[in-house]
Amino acid sequence: MIVSSPDTEAISTVLHAYGAALKARNVEEVLALYTKDGVIMPPHFPASAGVDSLRASYTRIFSTIELVITFQIEEIVMMSPEWGFARTTAEGTKTILALNESEPHANQELFIMKKENGKWVIARYAFSTMKPLVQHGIQRS
């Protein structure tokens, strides 16, 4: 549930901008939505912290996959005037560019948001798949 306020509306705007930047595969637009010490914690990869590491991670991501997803904000919780978190889901299609093969895509996500200089940005982002644990008789990690 999202209780509407200027802060939750601003966080929602940032999250939708993040979804649009993913769809556009635009590294610089993504980076503009993070704190300078921001962190992404993807499954199967080490965390990337700071602008240079984030740039390398998103460059790798965008050079290997294309996402066509629907982004849903499940909740936004304010923890203080400067901190909040959002829980989201993303569903759609992921295309592996090297193979030109598409597969269903479904993630659950957690964004830790920070208000810096009056503007909400992503401080930490972690996600995990919601795809079935067993697919085609093979257990996924």
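How many bridges join E4 to E5, and do these strands run parallel or antiparallel?

Mentor: This is a predicted model, and the description below rests on that model. E4 and E5 run antiparallel and are joined by 14 bridges. One of the paired positions is Ala90, whose bridge partner in E5 is Asn107. The two strands belong to an open sheet of six strands with mixed pairing, in the order E2-E1-E6-E5-E4-E3. At its edges are strand E2 (48–49) and strand E3 (65–78), each of which pairs on one side only.

Within strand E4 (residues 83–96) lies Thr88. Thr88 counts as buried because its relative accessibility is 0%, the cut-off for that class being under 20%. The side chain of Thr88 makes a polar contact of 2.4 Å with the side chain of Glu109. Beyond its neighbours within four places in sequence, Thr88 is in contact with a set of residues that includes Leu15, Phe71, Ile73, Asn107 and Phe111.

Phe111 leads from this strand pair to the aromatic residues. The structure holds eight aromatic pairs. In one of them, the ring centres of Tyr18 and Phe111 are 5.5 Å apart and the planes stand at 75 degrees, so the arrangement is edge-to-face. Because Tyr18 belongs to helix H1 (residues 6–24) and Phe111 to strand E5 (residues 101–116), this pair ties together parts that are 93 residues apart in sequence. Both Tyr18 and Phe111 are buried. Phe111 also forms a stacked pair with Tyr125, with 4.3 Å from centre to centre and 15 degrees between the planes. Here the link runs from strand E5 to strand E6 (residues 119–129), the two residues being 14 apart. Phe111 has a relative accessibility of 0% and therefore counts as buried; Tyr125 is buried too, with a relative accessible area of 3%. Tyr18, Phe111 and Tyr125 are members of one aromatic cluster, which also includes Tyr34, Tyr58, Phe62, Phe71 and Phe127. Phe71, a member of this cluster, is among the contacts of Thr88.

The helices complete the picture. H1 lies across strand E1 (34–41), E3, E4, E5 and E6, and runs at about 170 degrees to E3. Helix H3 (residues 51–64) lies across E1, E2, E3, E4 and E6, running at about 50 degrees to E1. Elsewhere, the charged end of Arg60 sits over the ring of Phe45, 3.8 Å from the ring centre.

Terms used
Residues are numbered from 1 along each chain as its sequence is written. This is a predicted model: local features need pLDDT of at least 70, side-chain atom pairs count only at pLDDT 80 or more; totals for chains, interfaces and linings use all residues. Side-chain values use heavy atoms; hydrogens and water are left out. Helices (H or I, at least four residues) and strands (E, at least two) are DSSP runs, numbered from the N terminus. Buried means under 20% relative accessible area, exposed over 50%, partly exposed in between (1.4 Å probe, protein chains only). A polar contact is a pair of N or O atoms within 3.5 Å; within protein, one must be able to donate a hydrogen and the other to accept it, and residues adjacent in sequence count only if both atoms are side-chain atoms. Contact means heavy atoms within 4.5 Å. Rings of Phe, Tyr and Trp (its six-membered ring) pair if their centres lie within 6.5 Å; planes under 30 degrees apart count as stacked, over 60 as edge-to-face and the rest as tilted. A charge sits over a ring if NZ of Lys or CZ of Arg is within 6 Å of the ring centre and within 35 degrees of the ring normal. Two strands pair if DSSP finds at least two bridges between them. Axes are lines fitted to C-alpha atoms, for helices over the stretch in contact, and angles run from 0 to 180 degrees between N-to-C directions.
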